[in-house]
Amino acid sequence: MATLEELKKELLTDGVIDAAEVAQLKETLYADGLIDKEEADFLFELNDAVSGKENAPEWNAFFTQAICDFLLKDEVTPGEIDAAEEAWLIAKVKNDGQVDDAEKALLRAIKAQANKFPASLEALL
């Protein structure tokens, strides 16, 4: 299997993420049934690289689902955004200096699914 860095280079060759690439990401990243921190970081790197481009609609849906799974289906605080997750998410969303459509969709999904939604995340919407 290709490393995440190799996969990123391959996916970003044309600068957008299409439906077939989303399917490839889903198969690769969910091979073990969950999204870990390295994979979540990887997805934010991809999102920052393709923000504002003509990506397949499946990209936003996959990005949102995968990051929600990472944050809300963890063993430590399932259904909640703990302080470490909150700090991580804020740093990732602010990393490129903008809150793009995919990140806004993600924040709205977390708000809808989490037991409580931190005010600091609300401020990003």
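The following conversation concerns the predicted model shown above.

Biologist: What kind of model is this?
Modeller: The model is predicted.

Biologist: How many helices and strands are in the protein chain?
Modeller: The protein chain has seven helices and zero strands. Read from the N terminus, the order of the elements is α-α-α-α-α-α-α.

Biologist: How compact is the chain?
Modeller: Its radius of gyration is 14 Å, close to the 14 Å given by the globule rule for 125 residues, so the chain is as compact as a globular protein of that length. Taken along the principal axes, the C-alpha atoms fill a box of roughly 40 × 30 × 20 Å.

Biologist: What share of the residues is buried?
Modeller: Buried residues account for 46% of the 125 residues. The accessible surface of the protein chain is about 6,700 Å², and carbon and sulfur atoms hold 52% of that surface.

Biologist: And what share of the contacts joins residues at least 24 apart?
Modeller: Of the contacts between residues at least 6 apart in sequence, 62% join residues at least 24 apart.

Biologist: You mentioned L89. Which residues does L89 touch, not counting those up to four places away in sequence?
Modeller: On that basis, L89 touches F44, L71, L106, L107, I110 and L121.

Biologist: Now to the start of the chain. Which residues of helix α1 are buried?
Modeller: In helix α1, which spans residues 4–11, the buried residues are L4, L7, K8 and L11. These residues cover an arc of only 100° around the axis, which puts them on the same side of α1. They pack against α2 (19–29) and α3 (37–50).

Biologist: What does the face of α1 turned away from its buried side carry?
Modeller: That face carries the exposed residues E5 and K9.

Biologist: A change of topic: how many aromatic pairs are found in the whole structure?
Modeller: A search of the whole structure finds five aromatic pairs. In one of them, the rings of Y30 and F62 have centres 6.1 Å apart and planes at 75°, so the pair is edge-to-face.

Biologist: Where do Y30 and F62 lie?
Modeller: Y30 is in the loop between α2 and α3, whereas F62 is in helix α4 (residues 57–72), so the pair ties together parts that are 32 residues apart in sequence.

Biologist: Is Y30 partly exposed or buried?
Modeller: Y30 counts as partly exposed because its relative accessibility is 22%, and the cut-off for buried is under 20%. F62 is buried, with a relative accessible area of 3%.

Biologist: What about F44 and W88?
Modeller: F44 and W88 form an edge-to-face aromatic pair, with 5.5 Å from centre to centre and 85° between the planes. F44 belongs to helix α3 and W88 to helix α5 (residues 83–94), so the pair ties together parts that are 44 residues apart in sequence. F44 is buried at a relative accessible area of 1%, and W88 is buried at 11%.

Biologist: Which residues do ring pairs link into a cluster?
Modeller: The cluster consists of F44, W59, F63, F70 and W88.

Biologist: Helix α3 also holds N47. Is N47 buried or exposed?
Modeller: N47 is buried, with a relative accessible area of 2%. Leaving aside neighbours within four places in sequence, N47 is in contact with W59, F63, D100, A102 and E103.

Key: Residues numbered from 1 in each chain as written. Predicted model: local features only at pLDDT ≥ 70, side-chain atom pairs only at ≥ 80, totals over all residues. Heavy atoms only, no water. Buried < 20%, exposed > 50% of the residue type's maximum accessible area, 1.4 Å probe, protein only. Helix = DSSP H or I, 4+ residues; strand = E, 2+ residues; numbered from the N terminus. Arc of directions from axis to C-beta. Contact = heavy atoms within 4.5 Å. Phe/Tyr/Trp six-rings, centres within 6.5 Å; stacked < 30°, edge-to-face > 60°. Rg over C-alpha atoms; globule rule 2.2 N^0.38 Å. Areas by Shrake-Rupley, 256 points an atom, 1.4 Å probe, with all protein chains shown as cover.
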